[in-house]
Amino acid sequence: ISSTLYYNIFGKRLAAIGKSGTPDIYEKPSPSLNFTLNKGITQNISLDLSIDNILNSKSREVYTFKNEEYNSKVNRTGRSISLGFKYSL
């Protein structure tokens, strides 16, 4: 059995450059927690389980106008779960 649990977060980053005096849009930090598990059943057969975005964190893009922060876009990508079966010759 082999498993991995990893956490990732990035800093504020530029999402879109403002045009004609409109403010730039930035993506705010959004944490991600992911898990993978691999289990060898026999020498030729293995099962893989992967769960991505366990926290289901919001992703936000914002802009600042007159020292106030406004949302440009907010969404949740949802969790992703996959189960795989591998047979090798």
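**Figure 1. Salt bridges of the predicted model.** Three salt bridges are counted, a salt bridge being a side-chain nitrogen of Lys or Arg within 4 Å of a carboxyl oxygen of Asp or Glu. One of them joins the side chains of E27 and R13, with an N to O distance of 3.2 Å. Because E27 belongs to strand β3 (residues 25–27) and R13 to strand β2 (residues 13–16), this pair ties together parts that are 14 residues apart in sequence. Strands are DSSP runs (E, at least two residues), numbered from the N terminus. E27 is buried, at a relative accessible area of 18%, whereas R13 is partly exposed, at 41%. Here buried means under 20% relative accessible area, exposed over 50%, and partly exposed in between (1.4 Å probe, protein chains only). The structure is a predicted model, in which local features need pLDDT of at least 70 and side-chain atom pairs count only at pLDDT 80 or more, while totals for chains, interfaces and linings use all residues. Residues are numbered from 1 along each chain as its sequence is written, and side-chain values use heavy atoms, with hydrogens and water left out.

**Figure 2. Network of salt bridges linking K28, R60 and E69**. K28 forms a salt bridge with E69, in which the closest N and O atoms are 3.4 Å apart. This pair links distant parts of the chain, with K28 in the loop between β3 and β4 and E69 in strand β7 (residues 68–76), 41 residues apart. E69 also forms a salt bridge with R60, the closest N and O atoms again being 3.4 Å apart. E69 is partly exposed, with a relative accessible area of 40%. R60 is likewise partly exposed, with a relative accessible area of 26%.

**Figure 3. Charged side chains over the faces of aromatic rings, at F10 and Y26**. R13 lies over the face of F10, at 3.6 Å from the ring centre. K12 lies over the face of Y26, at 4.6 Å from the ring centre. A charge is taken to sit over a ring if NZ of Lys or CZ of Arg is within 6 Å of the ring centre and within 35 degrees of the ring normal. R13 is also the partner of E27 in a salt bridge.

**Figure 4. The aromatic pair formed by Y63 and Y70**. A search of the whole structure finds one aromatic pair. The ring centres of Y63 and Y70 are 5.6 Å apart and the ring planes are at 25°, so the pair is stacked. Rings of Phe, Tyr and Trp (its six-membered ring) pair if their centres lie within 6.5 Å; planes under 30 degrees apart count as stacked, over 60 as edge-to-face and the rest as tilted. Y63 is partly exposed, with a relative accessible area of 28%. Y70 is partly exposed as well, at 36%.

**Figure 5. Nonpolar surface patch including I41**. The patch is formed by I41, L47, F85, Y87 and L89, which together have about 620 Å² of accessible area. Patches are made of residues with over 30% relative accessible area and no salt bridge; like charges are joined within 9 Å, and nonpolar side chains (Val, Leu, Ile, Met, Phe, Trp, Tyr) within 5 Å. Accessible areas come from the Shrake-Rupley method with a 1.4 Å probe, and for residues only the protein chains shown count as cover. I41 is located in the loop between β4 (32–40) and β5 (45–52). With 47% relative accessibility, I41 counts as partly exposed.

**Figure 6. The loop between β5 and β6, with N56 and S57**. N56, in the loop between β5 and β6 (58–65), has a positive phi of about 50° although it is not a glycine. Most residues other than glycine have a negative phi. N56 is buried, with a relative accessible area of 16%. S57 lies in the loop between β5 and β6 and is buried, with a relative accessible area of 13%. The side chain of S57 reaches the backbone oxygen of P31 at 3.1 Å.

**Figure 7. The loop between β2 and β3, with S20 and D24**. S20 is found in this loop, and its phi is near 50°, a positive value in a residue other than glycine. S20 is exposed, with a relative accessible area of 82%. D24 lies in the loop between β2 and β3 and counts as partly exposed, at 29% relative accessibility. The C-alpha atoms of D24 and F65 are separated by 9.8 Å, and the two residues are 41 residues apart along the chain.

Notes
Helix = DSSP H or I, 4+ residues; strand = E, 2+ residues; numbered from the N terminus. Polar contact = N/O pair within 3.5 Å; in protein donor to acceptor, adjacent residues only side chain to side chain.
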